[in-house]
Amino acid sequence: METIIKVSDLVKTYKVQRGKKGLKGAIKNLFSREYEEVKAVDAINLEINKGEMVGYIGPNGAGKSTTIKMLTGVLQPTSGSVRVNGLDPFRDRIKNAFNIGVVFGQRNQLLWDISVQESFDLFKDIYEIPEDLYQRNLEIFDEMIGLDDIMDIQVRKLSLGMKMKANIVASLLHDPEVVFLDEPTIGLDVMVKHSIRRFLKQVNQEKNTTVILTTHDMDDIEELCDRIIIIDQGNILYDGNLIGLKDEFITNSRLEVELKEAVSIVELFNDEFKINKRKEGLAWEIIFPNRYKPAAIITKIMEKAEVVDVSIEEMSLEQMIKQLYEDKSLGSDN
Ligand SMILES: Nc1ncnc2c1ncn2[C@@H]1O[C@H](COP(=O)(O)OP(=O)(O)OP(=O)(O)O)[C@@H](O)[C@H]1O
């Protein structure tokens with residue numbers, strides 16, 4: 001299979017100014033500036049094949065946008081390397097732009113005051129799309145999702161769903177190898193979500209376009225993505241298919257114990273157990289295969305520490321991902 005995106009040890013660190021508060025602080029800030037580093041993407045590795053449809057998901061602030069910005073050449077990596085279709089997206093920004101399509105969330109990329117048709121024509125000029133390819137693509141996309149209702153309308157007058165449709169179609173007119181979509185169905189009603197998903201699937205299948213999408217909508221993932229990559233705090237927590245994720249987590253249970261004193265329980269368990277530290281060792285999260293009995297686990301812990309509280313939960317996919325988003329439970333130890 002042909003690799004289209006290769007990311008190696010990719011890091012992005014932002015320097016954020018740490019301001020002192022209050023009037024005194026404000027005066028001090030004038031003279032000395034203290035900077036703090038935020039590692040938004042922390043040495044990630046990825047390989048994506050041509051034609052894959054990948055969901056890139058994670059909680060707010062996980063590092064999704066930062067990754068996408070490096071893949072699209074908007075941001076320069078702090079270290080590591082990115083190749084998209086053989087190009088360095090930042091250094092070869094212009095060339096790269098011809099290979100990719102981008103739809104960033106609800107940010108409209110079409111001009112407000114002209115019609116969709118005129119906007120598309122503009123894209124045709126910018127991307128130097130040959131007339132026959134342009135016409136053919138308009139026909140194909142019209143067949144797939146219907147363009148009649150938007151073509152003559154001024155962009156500012158489009159509904160949210162129509163605007164999303166217009167932006168996605170615009171991003172695909174030059175037959176990009178890869179398209180990056182940030183929350184392509186956010187805020188849309190069920191019917192429109194459905195038609196956008198069906199459209200993306202068709203484009204992916206018929207044109208073999210690689211699709212990378214970020215979303216908070218689990219239905220986008222279930223319906224569209226062969227592969228999901230979960231990122232949190234700049235690290236990849238999971239990279240695989242949905243079935244694998246379900247297998248891994250639905251066959252597992254989750255237990256949380258609170259201890260009277262901070263004691264490590266890690267060494268009590270073998271590596272089938274995922275043990276995550278909470279509250280500096282006063283609480284622990286234990287993710288374990290269902291064949292183990294929670295009572296036996298708790299008994300084991302009680303031999304070492306005084307347990308003050310216990311909660312047990314079987315996780316569904318939805319809960320698991322929610323959990324992952326809420327308290328960064330998986331694979332992190334803080
Ligand atoms: N321009 C910036 N300057 C400083 N810090 C930034 C900047 N952009 C992002 N960050 C920080 O980097 C981290 C990752 O942010 P990023 O926007 O990539 O996350 P995200 O997963 O896209 O989140 P969301 O789902 O909210 O869009 C966060 O801690 C964020 O505060």
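**View 1. Helices α6 and α7 pack at an angle of about 10 degrees.** This view comes from a predicted model, in which local features need pLDDT of at least 70, side-chain atom pairs count only at pLDDT 80 or more, and totals for chains, interfaces and linings use all residues. Residues are numbered from 1 along each chain as its sequence is written. Helix α7 covers residues 190–207, and α6 covers 160–172. Their axes lie 10 Å apart. The axes are lines fitted to C-alpha atoms, for helices over the stretch in contact, and angles run from 0 to 180 degrees between N-to-C directions. The angle makes α6 roughly parallel to α7. Angles under 35 degrees count as roughly parallel, over 145 as roughly antiparallel, 65 to 115 as roughly perpendicular and the rest as oblique. From α6, the contact uses Gly161, Met164, Lys165, Ile168 and Leu172. From α7, it uses Val192, Ile196 and Val203. Two residues are in contact if their C-beta atoms, placed from the backbone, lie within 7 Å. By class, six of the contact residues are nonpolar, one is polar and one is charged. Here Ala, Val, Leu, Ile, Met, Phe, Trp, Tyr, Cys and Pro count as nonpolar, Asp, Glu, Lys and Arg as charged, and the others, Gly among them, as polar. Helices (H or I, at least four residues) and strands (E, at least two) are DSSP runs, numbered from the N terminus.

**View 2. Glutamate 183 and asparagine 208 sit in the loops on either side of α7.** Glutamate 183 is found between β6 (178–182) and α7. Its phi is near 50 degrees, a positive value in a residue other than glycine. Asparagine 208 lies between α7 and β7 (210–214). Its phi is also positive, about 55 degrees, although asparagine 208 is not a glycine. Most residues other than glycine have a negative phi. Glutamate 183 is partly exposed, with 19 other C-beta atoms within 10 Å. Asparagine 208 counts as exposed, with 12 C-beta neighbours inside 10 Å. The cut-offs are these: a residue is buried if 20 or more other C-beta atoms lie within 10 Å of its own, exposed if 12 or fewer, and partly exposed in between, with C-beta atoms placed from the backbone.

**View 3. Lysine 201 lies in helix α7.** Lysine 201 is partly exposed, with 15 other C-beta atoms within 10 Å. Lysine 201 and isoleucine 231 are 30 residues apart in sequence. In space they are 23 Å apart, C-alpha to C-alpha.

**View 4. Helix α4 (residues 116–126) has its buried residues on the same side.** The buried residues are Val116, Ser119, Phe120, Phe123 and Lys124. They cover an arc of only 150 degrees around the axis, which puts them on the same side of α4. The arc is that of the directions from the helix axis to the C-beta atoms. An α-helix has 3.6 residues a turn, so residues three or four places apart point the same way. The buried residues of α4 pack against α5 (131–145) and α6 (160–172). Just after α4, glutamate 128 takes a positive phi of about 50 degrees.

**View 5. Helix α2 (residues 64–71) is mostly covered.** Seven of its eight residues are buried. They are Lys64, Thr66, Thr67, Ile68, Lys69, Met70 and Leu71. Just after α2, glycine 73 has a positive phi of about 85 degrees.

**View 6. Alanine 62 lies in the loop between β3 (53–57) and α2.** Alanine 62 counts as buried, with 24 C-beta neighbours inside 10 Å. Leaving out residues up to four places away in sequence, alanine 62 touches Ile231, Asp232 and Gln233. Alanine 62 and isoleucine 114 are 52 residues apart along the chain, and their C-alpha atoms are separated by 36 Å.

**View 7. Isoleucine 236 has its place in strand β9 (residues 235–240).** Isoleucine 236 is buried, with 21 other C-beta atoms within 10 Å. Apart from residues up to four places away in sequence, isoleucine 236 touches Ile44, Ile229 and Ile231. Isoleucine 57 is 179 residues away from isoleucine 236 in sequence. In space, the two are 9.8 Å apart, C-alpha to C-alpha.
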